[in-house]
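Keep the model open as you read.

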Amino acid sequence: MKINLNVNGVTFPVDIEPDRSLSGVLRNEIGLTGTKEGCDDCECGACMVLLDGHPVNSCSYLAVQTDGRQVTTVEGLADADGLAPLQQAMLDAGGVQCGFCTPGMLMSATALLSENPEPTVEEIRIGLSGNLCRCTGYAKIIEAVGSDAPST
Amino acid sequence: MQFVIAETLEHALELMASGSRPIAGGTDLVVGARQGKEPLPDALVAIDRLGVLASIDGGTGEDGEIVIGACVSHATIAGHGDIIDLVPGLADGSSLVGSPATRHVGTIGGNIMNASPAMDTGAPLLAAGAAVEVASTRGSRLLAVADLWLGPGQTSVDSDELCVAVHIPRPGPRTSSAYVRLEYRRTMEIAVVGAGAQVSLSDDGSVASASVALTAVAPVIIAVQGLSEVVGLQPGEAARTVARLASEQSRPISDLRASDRYRRHTVGVMASRAVLAACRRAAGEEIAVPVNRSEGIGAGYPGDAVANTTADGVEL
Ligand SMILES: Cc1cc2nc3c(=O)[nH]c(=O)nc-3n(C[C@H](O)[C@H](O)[C@H](O)COP(=O)(O)OP(=O)(O)OC[C@H]3O[C@@H](n4cnc5c(N)ncnc54)[C@H](O)[C@@H]3O)c2cc1C
Ligand code: FES
Ligand code: FES
């Protein structure tokens with residue numbers, strides 16, 4: 001099935017089987033490997049991307065359902081001038097250890113901050129509640145999202 | 001596999017008449033297929049872009065009914081002013097579903113048509129006396145949610161019928177609702193058991209009428225019978241009576257999440273808390289959605305430990 005996958009503002013025409021997951025197509029057809037597959041089962045959030053600005057677990061979402069819609073992956077956060085403020089805040093706070101959860105955390109946090117620019121810690125916890133991290137213990141991630149909040 | 005994005009409602013109904021299954025958010029359908037529960041159907045029709053299925057009418061019609069399109073997401077329901085005002089129990093339920101991603105992608109139509117006995121919108125809808133509007137190329141009909149579920153994954157709706165909307169009668173004065181569930185984690189979790197209540201109060205603060213429905217204690221969401229017993233009782237006494245009736249009437253299974261005895265006991269506790277929260281709301285008190293978080297049912301809650309500081313005690 002031929003669809004137009006719009007990722008980070010660029011349209012990629014792809015010809016795929018309708019049962020392919022969005023994360024698989026992003027990684028294997030388009031070559032954007034920033035989106036991770038942890039559980040591949042809608043549990044861990046490593047595969048989180050934005051669809052028209054809202055978070056979606058791309059491992060469990062059919063790629064064909066995104067035809068003509070706007071997908072944003074972690075590769076779409078930085079621009080020519082460098083990292084997005086949220087990405088910098090994650091590094092500064094020490095919210096990244098092995099880094100496997102980081103793309104998903106960044107996408108959930110981006111969605112949260114665009115809806116709610118000054119979230120409380122409780123709201124950050126809820127916003128990131130679909131993302132598991134096995135390294136950091138979450139505190140530094142929450143700090144990073146909180147410290148970035150006022151400036152976004 | 002064939003996959004078509006429906007352009008109009010009629011288009012979707014025609015495809016369903018020739019055997020296509022609808023997909024909205026896919027959070028049950030796709031996840032279930034990937035877990036090996038049931039393979040993806042041979043033909044799918046995507047209904048999630050149909051604007052006619054995506055709106056909420058908060059009671060502007062003559063009968064004041066609240067009408068929620070089948071493809072309205074849990075996130076929209078949980079944050080919708082009219083729903084929070086009129087049927088807060090449904091907002092409680094939707095705001096507990098999965099994670100922010102699950103709530104943005106998952107729909108109310110998918111939730112009720114998937115017919116899981118653990119669905120979080122089922123009990124609040126049953127307690128509110130809701131009806132489901134279904135349509136096919138043969139016409140459309142309205143059926144009470146009480147008649148919708150036959151068993152786990154089974155509904156009384158034919159395979160060519162699409163759920164178009166959910167209709168909720170407008171609650172009268174001094175009437176409100178609440179939904180609470182027992183959960184082991186705060187997120188990405190389904191109910192161990194749950195209960196939804198809708199209560200009307202008399203001027204003296206006693207219960208004028210009540211309806212209560214239970215989650216995950218039977219093959220389908222069930223309504224508690226015999227609630228005329230609580231009419232005229234003050235909320236505390238009514239809640240204790242409802243707890244007893246709920247435990248007596250539940251017929252839960254044992255699985256790795258809980259034993260049948262534990263479920264039978266805790267569903268009574270949830271039912272009494274739902275009744276108390278619904279009574280307080282009916283009396284005019286504001287209890288933020290969801291009751292699980294604002295009242296601290298289940299795992300940790302705001303005000304408990306974290307408020308607005310990080311683990312290091314840094315104020316944000
Ligand atoms: C990680 C995770 C956590 C979850 N947590 C919860 C939870 O806490 N509580 C809870 O209740 N659920 C939970 N769910 C289940 C699921 O998210 C909800 O049931 C959701 O509402 C399903 O909606 P959907 O649009 O994604 O349905 P889909 O998967 O698109 O559809 C589900 C079923 O309904 C049918 N269908 C969909 N729309 C219609 C329609 N309009 N008419 C007729 N048939 C239709 C489909 O053919 C399919 O059989 C969770 C799921 C995941 C993956
Ligand atoms: S890889 Fe998608 S949720 Fe884990
Ligand atoms: S940094 Fe390793 S999983 Fe989060």
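An oxygen atom of ligand 1 sits 2.7 Å from an N or O atom in the side chain of His74(B). The coordinates belong to a predicted model, and every distance here is computed from it. At Arg181(B) a polar side-chain atom lies 3.1 Å from an oxygen atom of the ligand. The protein covers much of the ligand's surface: taken alone, ligand 1 exposes 980 Å², and 93% of that is buried by the protein.

Which elements of chain B give two or more residues to the shell around ligand 1? They are strand 2 (21–23), helix 2 (29–34), helix 7 (108–114) and strand 10 (162–168). Helix 7 of chain B provides the largest share, five residues. The shell holds 33 residues around ligand 1, and Pro22(B), Thr27(B), Asp28(B), His74(B) and Thr107(B) come nearest. Sorted by class, the shell has 16 nonpolar, 12 polar and five charged residues. Residues from chains A and B surround ligand 1, so the site is shared between chains.

That leads to the interface itself. Here 36 residues of chain A are in contact with 35 residues of chain B. The size of an interface is often given as the accessible area lost when the parts come together. For chain A and chain B the buried area is about 2900 Å², with carbon and sulfur atoms giving 58% of it. On the chain A side, Gln65(A), Val121(A) and Glu122(A) lose the most area to chain B. Together these three account for 19% of what that side buries.

Side chains of opposite charge can pair when their charged atoms come close. Between chain A and chain B there are three salt bridges. One of them joins Arg69(A) to Asp48(B), with the closest N and O atoms 3.1 Å apart. Polar contact links 11 residue pairs across the interface, counting pairs with both residues at pLDDT 80 or more. Three elements of chain A give two or more residues to the side that touches chain B: strand 4 (54–57), helix 4 (121–127) and helix 5 (139–148). Helix 4 of chain A gives the largest share, six residues. By class, this side of chain A has 14 nonpolar, 11 polar and 11 charged residues.

Step back to the whole structure. Over all chains, a search finds 19 salt bridges. Arg21(B) pairs with Glu38(B), the closest N and O atoms being 3.5 Å apart. This pair links distant parts of the chain, 17 residues apart. Arg21(B) is in strand 2 of chain B, while Glu38(B) is in the loop between helix 2 and strand 3 (43–46).

Finally, check the backbone. Most residues other than glycine have a negative phi, and most peptide bonds are trans. Where does the model depart from that? One place is the bond between Val289(B) and Pro290(B), which is cis, with omega about -10 degrees. Pro290(B) lies in the loop between helix 10 (260–282) and helix 11 (291–294) of chain B. Another is Asp52(A), which has a positive phi of about 45 degrees although it is not a glycine. Asp52(A) is found in the loop between strand 3 (48–51) and strand 4 of chain A.

Definitions and conventions
Residues are numbered from 1 along each chain as its sequence is written. Chains are lettered from A and ligands numbered from 1 in the order in which they are written. This is a predicted model: local features need pLDDT of at least 70, side-chain atom pairs count only at pLDDT 80 or more; totals for chains, interfaces and linings use all residues. Side-chain values use heavy atoms; hydrogens and water are left out. Contact means heavy atoms within 4.5 Å. Buried area is the accessible area (1.4 Å probe) that two parts lose on being put together, summed over both. A salt bridge is a side-chain nitrogen of Lys or Arg within 4 Å of a carboxyl oxygen of Asp or Glu. A polar contact is a pair of N or O atoms within 3.5 Å; within protein, one must be able to donate a hydrogen and the other to accept it, and residues adjacent in sequence count only if both atoms are side-chain atoms. Helices (H or I, at least four residues) and strands (E, at least two) are DSSP runs, numbered from the N terminus. Ala, Val, Leu, Ile, Met, Phe, Trp, Tyr, Cys and Pro count as nonpolar, Asp, Glu, Lys and Arg as charged, and the others, Gly among them, as polar. A residue is near a molecule or strand if one of its heavy atoms lies within 4 Å of it. Accessible areas come from the Shrake-Rupley method with a 1.4 Å probe; for residues, only the protein chains shown count as cover.
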